[in-house]
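Please look at the structure below with its confidence, its chain contacts and one of its sheets in mind.

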Amino acid sequence: MLSYIVHRILIMVPTLIAISIVIFTIINLPPGNYFTTYIAELQGSGETADLAKIQFLEKEYGFDRPLWQQYLYWAGGLLHGDLGYSFAYDLPVDKVVGDRMLLTAVVSITTIIFTYLVAFPIGIYSATHQYSISDHLLTLLGFLGLATPSFLLALVLLYLANVYFGISIGGLMDPKYLDQPWSWPKVVSLMEHIWIPVIVIGSAGTAAMIRRLRANLLDELQKQYVVTARAKGLHPLKALFKYPLRMALNPFISDIGSLLPQVISGAAIVSVVMSLPTTGPMLLSALRSQDMYLAGSFLMFMASLTVIGVFVSDLALALLDPRIRLQAGRRQ
Amino acid sequence: MSDLTFVPGPPRDRAEDAAAPLPHFVSTAPYDPYAVERMTPAQERFYVASQWRMVWWKLRRHRVAVVAGAILLAMYVGITICEFLAPYGVDSRSTDFIYAPPQPVHIFYRGRLVAPYVLGFDYRLDMKRLERIYTPNPKKRQTIRFFCHGDRYEFWNLFPGNLHLACPAHGGQLFLLGTDRLGRDLMSRMIYGARVSLTVGLIGVAVSLTLGIAIGGIAGYYGGWTDILIQRAMEVIQSFPHLPLWMALSAILPVSWSPLLVYFGITLILGMIDWTHLARAVRSKLLALREEDFCTAAVLMGARPVRVIGRHLLPSFTSHLIASATLMIPGMILGETALSFLGLGVRPPMTSWGVLLSDAQNINVVALYPWLLAPVGTVILAVLAFNFFGDGLRDAADPYH
Amino acid sequence: MSSNRLDPPGPPITRRAFVGHSLLLSTVLSAVPGAAWAALRETPFFADAVAGDKLPRVADRIPAEPAIVDTTGKAGGELRMLMATPKDVRMMVVYGYARLVGLTPSLKLAPDILKAVDVEAGSVFTLHLRKGMRWSDGQPFTAEDFRYWFEDVASNRHLSQSGLPVDLLPNGEKPRFEVLDETTVRYSWSRPNPLFLPDIAGPDPLFIYCPSHYLKQFHQKYADKDQLAALVKKARVRNWAALHNKLDAMYKNDNPELPSLQPWILKTKPPAERFIFERNPYYYRVDKEGTQLPYIDRVILSLADSRIIPAKTAAGETDLQARYLSFDDYTFLRQSEDRNHFDVRLWRTGPGSQFALYPNLNTGDAVWRGLLRDLRFRRALSLAVNRHEINQVIYFGLAIEGQNTILPQSPLYRPAYRNAWARYDLGEANRLLDLVGLTQRGSDNVRLLPDGRPMELIVEYSGEEPEEPDVLELIRDSWLHIGIRLFSKPAQLTLFRRRVFSGEALMALDKGVENGLANAASSPWEFAPTSQQELEWPKWGQYYETKGRAGEAPDLPSAVQLRDLFNQWLGTASPDDQAAAWHQILQIWADEVFSIGTVGGVLQPVVVSDKLRNIPEKGIYNWDPGAFFGIYKPDQFWLEPEAGAKSAAAGTGPAAATP
């Protein structure tokens, strides 16, 4: 067991290095850098006031140096815990990200809970009543969210919510509560606004979960011990919940590690449409404007989250499932 | 069965007759050693059926999958003749009918059944609100012509022609789904857009399949260090959020490429993102299967690894692979719409559903011209159809289940 | 040498009659008759602070010689606006429009912060500050702030690595800067500098002053070494110069601690989703009834994604909005007017053409270059653009068709300039192309180039505006009638400009001339090869910018002529000479068709809440000149306390009538 843990931790290091190189390459692939793009924009709109200051910044941060030097500078900073400086916001990166992480976490966790709440009943019903009409209808419902392009659904829901319920458009709460301390009306406003992104983002994830749960459950229900239990007179529901469902849940626990980053990034497009103050829009605009440190450090952060998350869930699985533990980690 | 005769037993009064046989039936037919194994014609068909045939039978039982498959077939056949199906050309526009609402088709006129017709518009420009107001005029009945000569087109960009399934009446309009901001018919553009959207998925999946099988196969077959390296590389790629990858890759597609090349570039990009799932599945299957006897036999007979993988190992789970591939196509269709939303998709004059939807992505359309949201319906239909069909395929893929 | 004084719109101050040259600028507004105003009224917003001795009384806060404005209104209220990026806080400097010298709604220069400006022969500028004027933190605003900027910021090689701003260097000559007394400074050159005052009055102005008392603590020369090092470390920047540059955010406006002269001061420290600006207690403008401006107490900028701002505006979440709204949104906004208590007005924009085609005269392709340089070819292309159709399809016929040149609202306008080669005449276009020698046609009637290639013209654009592909689609259809096939290619902004600058692009589509409302005093730089940013001759422009170090010298006689006329304009201080130079430039520009315009004067929706007063019904919405709302002086806008009926009185401010 210990050797497995050490082995995995050692492997993580070159993985993270490889990821950082990929991230850096990707951000610098489009031509130019943040400064050239920004200067081009300013010249296009006729705002030439601060041009000199921007060129000064470009030289200060070494953006006229060769790429590999810039990479080492950034990677070195990361190792020290210095995420760098965001030129778009004119602030250190951790200040820009820090504010948004809390709301991102709130939205993501609510979405995951919603997904589980919707997917479970449908998946279980679907597995136990395979090929019936209600199975098809419920599956259709579950898949509808996946099939609709999320950006359009978000816009339409925004408009309808405003016309029929008077909810202010976009954002996570009514603008007047934005800097106020937490109070009951603020929470109510938050709940009024949060159901749209949760539904739009969550409904895309329900389909995959329904499908997986159904497949796993079907596999389990065919097994000998279930048949035996039913034959011996165990109540059908008990026969369903006590044993097969637990086994079918196995992949969900193992997936939680990689689920969170997926939800965070999958929500990016919807967050842009709805103008949520989460990390999605921040990442998109950082990528568009090639704000090197903000985009790069945040992506590194997300990738590390995933890698660590996968490791943790593998560990959890190893602890839970004796078969894996005894085989010393040969993953299938 | 008709050659059974009844043999009554002897009377059983006396004790010494107790061991005599009881009344029974005797068959007078000649003895046939293979009687047990003979099958009815139905059973025989089942027994000698190939795996594919069994998959097909199982699939047929899944009614929803069959319906979905039929819809998909219709769609794909349709896109081969989209120039014929669309009432207008892809770029035809009319300045007089900008943002015109859809014209529903009527088949009754004063209670009688007549040839299908649409109502022409009365057009008024409201200069106070800057609105174009179209009122259907019951007096202007425009009968739809079928199999008629309409806008010129180039069939598959090769053969000029102008035969259409349906065209507007002479001097009339046929905007079944309304028009957009340049006065272009939405229905025609959706039909042409289907060509791009539906094939993007196919080509993208082909790319994914190739990558997945090749890389997963190598990892699974060789095991050891190759396996570990490839697994780590896959982990790197998988832990990467898609958005930045898309943006960067689309940004480097050169400006000078024609729209067709850009289209292929985009299918490549989409295909390169999602192959890791396939590779994983292939790898795990191969790891299990390569210990099997038939594989060892092939290796002992001198088969090279490529042949072993391709000829012996893969076919045993091809059906599973195809099912997985079918389930990846909707992801590609949706990925294409997302790319168009970000402005990174196919370039004009090519149209796709994604381009149509991103054009519709503003509040004016949702509030004032909602018919422009119609491509959502076709996207949903295609994605659902693929999902159900793929599910049915996957359920059927293991016919011995 | 005649000199003239610029007077502010206030009580008349003695003027010497001038002989000979008439000055560009003169007193604009009618002065308020007689002596000043009624008794000063304390601003209600500060009543508590004054009572608690935290703030001096209003009489001590305004300068001894304040600017008196001929307007009335009620103080109080909050104005909400929507913006898309945190950088948009700089818009409050644009809208606030507190300038040393500003533009009036009729686009004439008039002193604003300054009490008066003496201009001698257009080359010596004496600026008179107001006595007793203070920064927003109460410290005096004096000549020291000008001296600090000139000697310790602009001339400091750490802070300004490229030296003084180019507009202070006519022909490379540095100004002689003198401090005459505490409220008077003087800048002198040996030759006229007609760009000096317009630049100070611009939307993103040339700031020749800064709060020295605040910034000195971040300057190497004045601050304690260790204290400065500690500050640098705390801010996590590289060195003191980076810190000074970051905090000296006169235009960027993201430093709440920087003292300012604008009507509203930033109170929220970034990052934030909502930026709050509160009124400047020491603001220098007072209305004629004794109320200190601005009327509005607070301005709130909320951030939202630019694509949902039209939706939010229609839902009533803003009180004054034009930014991020486009003409397409008008119908939807009109529909929501009554329900959400606002009014949508349509103001004209200023660019000479919303979209214009720029044939790249410096392109690398020799055959195309030869053609593009041929006058007849450009004229033919221009004749084949159906501007009426573009106007109808995209702008409901409400835009002004014509060439890429000044608009009818400009005092220099002559119909001939705009209509030259702007009619839709396919016959003449075809005839001109045949004259050029392009008589050979290939398959499907497309003409052939002299070397046999089909005439496929690739027009590149940056895709920033959604109408660009539509306009190109319309032009493509009409150019097919003269045998030219157009292909449009969008490219990312940096790439697009790079391709044009290097000559790889044949033709570009971009915005037309920015200043379609020019008068004789405006710079005609856009009409002559003076900058690389001009897409029709990037290399010639670069040659001028870099003084011959890079780029190519112009070799078309007409372009050389334009450049000489521009230099002529630069070298004169007389308005008549300036106007003469302008007319010659405009005439050459009209004849040569160096860029092909489509439609200009496009209308911009401006959403105004029913409660907001003193904002004109019809105005100009333009960047330079105009500063969007700046020239209408938002510090004079006021809010009616009761939300209610729409305002019948459109504008009682200085700009009821607009060009």
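The report below takes up these topics in turn.

Residues are numbered from 1 along each chain as its sequence is written, while chains are lettered from A and ligands numbered from 1 in the order in which they are written. This is a predicted model, in which local features need pLDDT of at least 70 and side-chain atom pairs count only at pLDDT 80 or more, whereas totals for chains, interfaces and linings use all residues.

Here pLDDT is the predictor's confidence in each residue, from 0 to 100. Chain A has a mean pLDDT of 80, with 89% of its residues at 70 or more.

| Helix of chain A | Residues | Mean pLDDT |
|---|---|---|
| α16, the lowest | residues 322-326 | 59 |
| α7, the highest | residues 150-165 | 89 |

Over residues 328-332 of chain A, pLDDT stays under 50. Where pLDDT is low, the predicted coordinates should not be read in detail.

Residues are in contact if their C-beta atoms, placed from the backbone, lie within 7 Å. The contact between chains B and C takes 16 residues from chain B and 21 residues from chain C, and on the side of chain C the largest share, four residues, comes from α10(C).

Chain C also holds an open sheet of five strands with mixed pairing, in the order β19-β18-β20-β16-β21. Two strands pair if DSSP finds at least two bridges between them. Because β19 and β21 (596-597) of chain C stand at the edges, each with a single partner strand, one side of each is left without a neighbour in the sheet. Strand β16 (residues 356-359) of chain C pairs with β21(C) in the antiparallel sense over two bridges, and C:A356 stands opposite C:G597 in β21(C).

Definitions and conventions. Contact = placed C-beta atoms within 7 Å.
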